[in-house]
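Trainee: Before we discuss this model, I would like each label set against the rule behind it. Could we take the terms one at a time?

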Amino acid sequence: LYNSWPLILSILVTVAVNDDKSLINIAFQSVKLVSSEYMNSLPVDCVALLITCLGCFVKQQSDINISLTSIGLLWNVSDFIGKKYLSLLKKSLPSS
């Protein structure tokens, strides 16, 4: 699965960019699952792709609720990044 994340996220971006009403809800359910349950297993370089993906779902025109929920998911991703940064910072500081 580690090597598959870029492909999975790219497919989801494509659905959001194409704004295909028949696929947007299914694709968004997948994005919600990735951003809530699988953030810890995402490779670091895929977090930026997830942010791009969520941004595409914010901009889609098919469903306003998806746009608004995507904004909330972006907040969750930023919290995740902040917590990871703090934990890495704490590990790098000398213990006193």
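Mentor: Start with burial: a residue is buried under 20% relative accessible area, exposed over 50%, and partly exposed in between, using a 1.4 Å probe and protein chains only. This is a predicted model, in which local features need pLDDT of at least 70 and side-chain atom pairs count only at pLDDT 80 or more, while totals for chains, interfaces and linings use all residues. Residues are numbered from 1 along each chain as its sequence is written, and side-chain values use heavy atoms, with hydrogens and water left out.

Trainee: Why is Trp5 called buried?

Mentor: Its relative accessible area is 4%, and the limit for buried is under 20%, so Trp5 is buried.

Trainee: And what makes Tyr38 partly exposed?

Mentor: Tyr38 has a relative accessible area of 36%.

Trainee: What makes something a helix here, and how many does the protein have?

Mentor: Helices are DSSP runs of H or I with at least four residues, strands are runs of E with at least two, and both are numbered from the N terminus. The protein has four helices and zero strands.

Trainee: How do you know that the span of H4 agrees with its number of residues?

Mentor: The expected span is 1.5 Å times one less than the number of residues. The 29 residues of H4 should span 42 Å, and the end C-alpha atoms are 42 Å apart, which agrees. H3, with 16 residues, reaches 24 Å, close to the 22 Å expected.

Trainee: What covers the buried residues of H3?

Mentor: The buried residues of H3 are Cys46, Val47, Leu50, Cys53, Leu54, Cys56 and Phe57. Their cover includes helices H1, H2 and H4, where contact means heavy atoms within 4.5 Å. The buried residues of H4, among them Leu73 and Phe80, pack against H2 and H3.

Trainee: What makes Ile64, Leu68, Ile71 and Trp75 a patch?

Mentor: Patch residues have over 30% relative accessible area and no salt bridge; like charges are joined within 9 Å and nonpolar side chains (Val, Leu, Ile, Met, Phe, Trp, Tyr) within 5 Å. A salt bridge is a side-chain nitrogen of Lys or Arg within 4 Å of a carboxyl oxygen of Asp or Glu. These four form a nonpolar surface patch with about 460 Å² of accessible area together, by the Shrake-Rupley method with a 1.4 Å probe, only the protein chains shown counting as cover for residues. Ile71, in helix H4, counts as partly exposed at 38%.
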